[in-house]
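Here is a brief report on one protein model. It covers a pocket, ring contacts, a few helix residues and some backbone angles.

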Amino acid sequence: MAGPMLHPVPVRLSPGRRLTQLTAGLALYGVSVGMQIEAALGLAPWDVLHEALHKITGWSFGIVTALTSVTVLLCWIPIKQKLGVGTVANVVIVAGSVDLTLAVLPTPDNLVVRLVLLVSGVVLNGLATAAYIGVRLGPGPRDGLMTGVSGRTGWAIRWVRTAIEVTVLVVGWLLGGTVGVGTVLYALGIGPLAQAFLPFVTWRPRVEGDVGAGGGARTGH
């Protein structure tokens with residue numbers, strides 16, 4: 001069975017439902033990142049870099065995340081990627097949500113509780129990722145970089161993503177970011193989790209078929 005269609009769709013179609021889901025998905029994404037940070041057992045590759053820059057600069061994790069996102073967006077220019085509502089919202093909402101979560105959620109002393117926090121954070125991240133991707137309002141900065149490089153070079157997305165995330169992970173680790181069991185768990189789990197949640201949260205038009213980026217309906221599968 002083919003997976004759900006995920007190409008961007010104009011915001012004018014079902015804006016209430018889609019913008020609400022986008023906001024909730026991005027907010028939960030930030031919460032999930034905060035949970036993984038407070039578990040203190042290793043972070044996702046990009047967050048290893050964010051943590052390292054947070055330690056070096058003294059800026060909040062959210063601010064570092066937002067500034068990194070803006071830097072990544074500058075890399076969209078030569079690969080001719082286009083911003084969407086979801087792209088801009090990603091920068092703002094995730095940053096604020098991460099900082100709010102870190103402000104109210106302490107690091108547990110008990111290792112078992114930390115493991116539960118880590119696993120819960122990774123699962124929530126998978127749901128949140130599916131939720132904001134599923135509304136089809138444009139990719140996040142890092143996802144757009146991946147798809148843009150793939151489109152311009154012809155390289156398979158899996159290899160582009162691997163190359164980007166390994167590079168980011170190594171740089172973040174060398175700068176002092178936390179690598180551990182959580183890093184491995186995230187790397188192995190996030191893809192299957194997001195894929196499993198997508199059918200339940202992907203926006204679809206009311207009529208049979210799919211809606212193209214230009215707003216026209218395409219019937220059939």
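Which element gives the largest share of the lining of the largest pocket? Helix α9 does, with nine residues.

## Basis

This is a predicted model, in which local features need pLDDT of at least 70 and side-chain atom pairs count only at pLDDT 80 or more, while totals for chains, interfaces and linings use all residues. Residues are numbered from 1 along each chain as its sequence is written, and side-chain values use heavy atoms, with hydrogens and water left out.

## The largest pocket

The largest pocket has a volume of about 1100 Å³. A pocket here is an open set of points on a 1 Å grid over the protein atoms alone, where a 1.4 Å probe fits, with protein on both sides within 12 Å along at least five of seven lines. The volume is the space filled by probe spheres set on the points, which are joined across faces, edges and corners.

The lining counts 43 residues, each with an atom within 4 Å of a point. Closest to the centre are Thr129, Ile133, Asp143, Met146 and Arg161. The elements that give two or more residues are α1 (15-39), α2 (45-57), α3 (61-74), α5 (85-104), α6 (111-134), α7 (141-153), α8 (157-174) and α9 (181-201). Helices are DSSP runs of H or I with at least four residues, numbered from the N terminus. By class, the lining has 24 nonpolar, 13 polar and six charged residues. Nonpolar covers Ala, Val, Leu, Ile, Met, Phe, Trp, Tyr, Cys and Pro; charged covers Asp, Glu, Lys and Arg; the others, Gly among them, are polar.

## Rings and charges

The whole structure holds one aromatic pair. Rings of Phe, Tyr and Trp (its six-membered ring) pair if their centres lie within 6.5 Å; planes under 30 degrees apart are stacked, over 60 edge-to-face, and the rest tilted. Tyrosine 29 and tyrosine 132 have ring centres 5.9 Å apart and planes at 75 degrees, so the pair is edge-to-face. The pair links distant parts of the chain: tyrosine 29 is in α1 and tyrosine 132 in α6, 103 residues apart. Tyrosine 29 is buried at 18% relative accessible area, and tyrosine 132 is buried at 8%. Buried means under 20%, exposed over 50%, partly exposed in between (1.4 Å probe, protein chains only).

Two arginines sit over tryptophan rings. The charged end of arginine 18 is 4.8 Å from the ring centre of tryptophan 203. For arginine 142 over tryptophan 46, the distance is 5.0 Å. The test asks for NZ of Lys or CZ of Arg within 6 Å of the ring centre and within 35 degrees of the ring normal.

Serine 97 lies in α5 and is buried at 11% relative accessibility. Threonine 101 also lies in α5 and is buried at 8%. Contact means heavy atoms within 4.5 Å. Leaving aside neighbours within four places in sequence, serine 97 touches Ala27, Gly30 and Val31. On the same terms, threonine 101 is in contact with Gly30, Val31, Gly34 and Met35.

## Positive phi

Most residues other than glycine have a negative phi. Alanine 40 has a positive phi of about 55 degrees. It lies in the loop between α1 and α2 and is partly exposed at 38% relative accessibility. Lysine 80 has a phi near 60 degrees. Lysine 80 is in the loop between α4 (76-79) and α5, and is exposed at 62%.
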